[in-house]
Amino acid sequence: MKKVTSILLALFLCLFVTACGQKELNIDTASLTSDLLKNVKFEDEISEIDGNIISSIYEVDTTVIKATAYIGSGATAEEIAVFEAPDKEKAKEVLALANKHIEEQKSDFESYNPKEIKKLNNAKVVQKDKYVIICVTDDENNASKVINKYLK
Amino acid sequence: MVNNYNMCRQKKNHRATFILLCIIITLIVFLCIILIFKVFSGSNNKEQEQITTKVTTTASQKTTKQNKENDKEENQTNANGYDYSLPVQVSEAVDNSYFDDAVFIGDSRTEGFMLYTGLSNATYYTHKGLMVNTVFTSPVINMNGQKVSVMDAVKLNSKFKKAYIMLGINELGWAYSNLFVEKYGNIIDTIKQSNPNAQIYIQSLIPVTYSKSSSDKVYNNNKIKEYNQLLQKLAQDKKVYYVNVAEGLAESNGCIPEDSAFDGIHLKKPYCQKWLEYLKTHTVKNN
């Protein structure tokens, strides 16, 4: 009897863990962006960018991927970008493009304004499920706190 | 005796009458001659006067006609030509679609323009730190998966009808401004060669804030003013349009507002939109 109970318990636990793992992450991207703007310090005045421009900057198809971006004036490399892909696989592609974008920024700022390289080296580029988040700032700790709050 | 005396007297009287008659006739003839002469000379004068009037009238008519023709010619020149020594004047505002066939060439400031105006229908050949020499040499533009220089990208794109250039802020520290003008001229020549029908607009350099200008030996408004004068002269020499964007963004002291740029140079979003509005109201109709 004890044996049967243990097996049933193990099965139940397995099913529970699997069910939890399959739970889809749903983030209010507008709220996340707003929280980043409010709680993370930016040296520059980062401003919202239109969809078509986002498409050319990050090379993502904004008709498929929901995207919001705030970018600095050109004096700094500071930025926030939040992407919501249709699925995890697409999000991985976006992550690759996000990393490529950061590398290009490093290359651009290296000669133009080397002070920004530190921010770019410590840039938060995170992907979880169908979401990709970029945050370039000197205030990395607060950026991490806000992002983790939404991705947990 | 008395008869002889009477005869003699009668003869004397006849002679006197004859002499008197002669004198009168001579006088009459003389008067007639004078009269005739006067009449003739008078009519001649009138004729001369008439001829003179006629000649004067014809001459003045001719002059007026010529003046009118000259005016007409001048008007035609104004209608067809363009005074390239002057900045582009205020025009009726165009909408964003006007920039469908426009190419923007510039540095980080033009990048900001692209980001903040949302004008995504235009083509941008921009790069941070871009200069009038590196437009020919630095492969910074992604074209069909390949990195090419700005001018190579221009050569590969023959579809654009307008080219807006703003370069010079990164060259303010150059020792020889004539080198800057020479290289800038090469850009214009290259665009003209690859796309002869394109309208070329040289945009004036946007000034910096007062605090930046007064604290920086390179990035200051005196230097920017000097470069803008060179650019206006270049536009005149190359017969391209000089669009004075600086006037649309600077305050009465010649500086951009303190709150317009985080670092005194790179414009924030509202000022980039102001820049676009200036371009939209300063265009030249293609003849």
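This is a predicted model: local features need pLDDT of at least 70, side-chain atom pairs count only at pLDDT 80 or more; totals for chains, interfaces and linings use all residues.
Local features are reported at pLDDT of at least 70 and side-chain atom pairs only at pLDDT 80 or more, whereas totals for chains, interfaces and linings use all residues. Residues are numbered from 1 along each chain as its sequence is written, and chains are lettered from A and ligands numbered from 1 in the order in which they are written.

**View 1. Overall make-up of chain A and chain B.** Chain A contains six helices and five strands, and chain B contains nine helices and seven strands; helices (H or I, at least four residues) and strands (E, at least two) are DSSP runs, numbered from the N terminus. Along the sequence of chain A the order is α-α-β-α-β-β-α-α-β-β-α. In chain A, 34% of the 152 residues count as buried, and in chain B, 34% of the 287 residues do. A residue is termed buried if 20 or more other C-beta atoms lie within 10 Å of its own, exposed if 12 or fewer, and partly exposed in between, with C-beta atoms placed from the backbone. Two residues are in contact if their C-beta atoms, placed from the backbone, lie within 7 Å. Of the contacts in chain A between residues at least 6 apart in sequence, 60% join residues at least 24 apart; for chain B the corresponding figure is 69%.

**View 2. The contact between chain B and chain A.** Chain B contributes 19 residues and chain A contributes 14 residues. On the side of chain B, helix α2 (residues 108–117) supplies the largest share, seven residues. That side comprises seven nonpolar, six polar and six charged residues. In this classification Ala, Val, Leu, Ile, Met, Phe, Trp, Tyr, Cys and Pro count as nonpolar, Asp, Glu, Lys and Arg as charged, and the others, Gly among them, as polar.

**View 3. The largest nonpolar core.** This core has 101 residues, and those with the most contacts inside it are Phe83(A), Cys135(A), Val150(B) and Ala163(B). A nonpolar core is a set of buried Ala, Val, Leu, Ile, Met, Phe, Trp, Tyr and Cys residues joined through C-beta atoms within 7 Å. Strand β5 (residues 131–136) of chain A gives the most to the core, with six residues. Neighbours within four places in sequence aside, Phe83(A) is in contact with Val60(A), Ile65(A), Ala67(A), Val94(A), Tyr131(A) and Val132(A). In soluble globular proteins, nonpolar side chains tend to be buried together.

**View 4. Packing of α5(B) against α7(B).** Helix α5 (residues 177–194) and helix α7 (residues 221–238) of chain B pack at an angle of about 40°, with their axes 10 Å apart. Axes are lines fitted to C-alpha atoms, for helices over the stretch in contact, and angles run from 0 to 180 degrees between N-to-C directions. The two helices are therefore oblique to each other; angles under 35 degrees count as roughly parallel, over 145 as roughly antiparallel, 65 to 115 as roughly perpendicular and the rest as oblique. From α5(B), the contact uses Ser177(B), Val181(B), Tyr184(B), Gly185(B) and Ile188(B), and from α7(B), Glu226(B), Tyr227(B), Leu230(B), Leu234(B) and Lys238(B). These residues divide into six nonpolar, two polar and two charged.

**View 5. Packing of α2(B) against α9(B).** Here α2(B) and helix α9 (residues 269–280) of chain B pack at an angle of about 95°, with axes 9 Å apart, which makes α2(B) roughly perpendicular to α9(B). Gly112(B), Phe113(B), Tyr116(B) and Thr117(B) of α2(B) meet Lys269(B), Cys272(B), Gln273(B), Trp275(B) and Leu276(B) of α9(B). By class, the contact has five nonpolar, three polar and one charged residue.

**View 6. The surroundings of Ile206(B).** Ile206(B) lies in the loop between β6 (199–203) and α6 (210–215) of chain B. Ile206(B) is buried, as 26 other C-beta atoms lie within 10 Å. Residues up to four places away in sequence not counted, Ile206(B) touches Arg109(B), Val245(B), Ala246(B), Leu249(B) and Ile256(B). Lys269(B) is 63 residues from Ile206(B) in sequence and 15 Å away in space, C-alpha to C-alpha.

View 7. Asp129(A) is partly exposed, with 16 other C-beta atoms within 10 Å. Lys239(B) counts as exposed, with 12 C-beta neighbours inside 10 Å.
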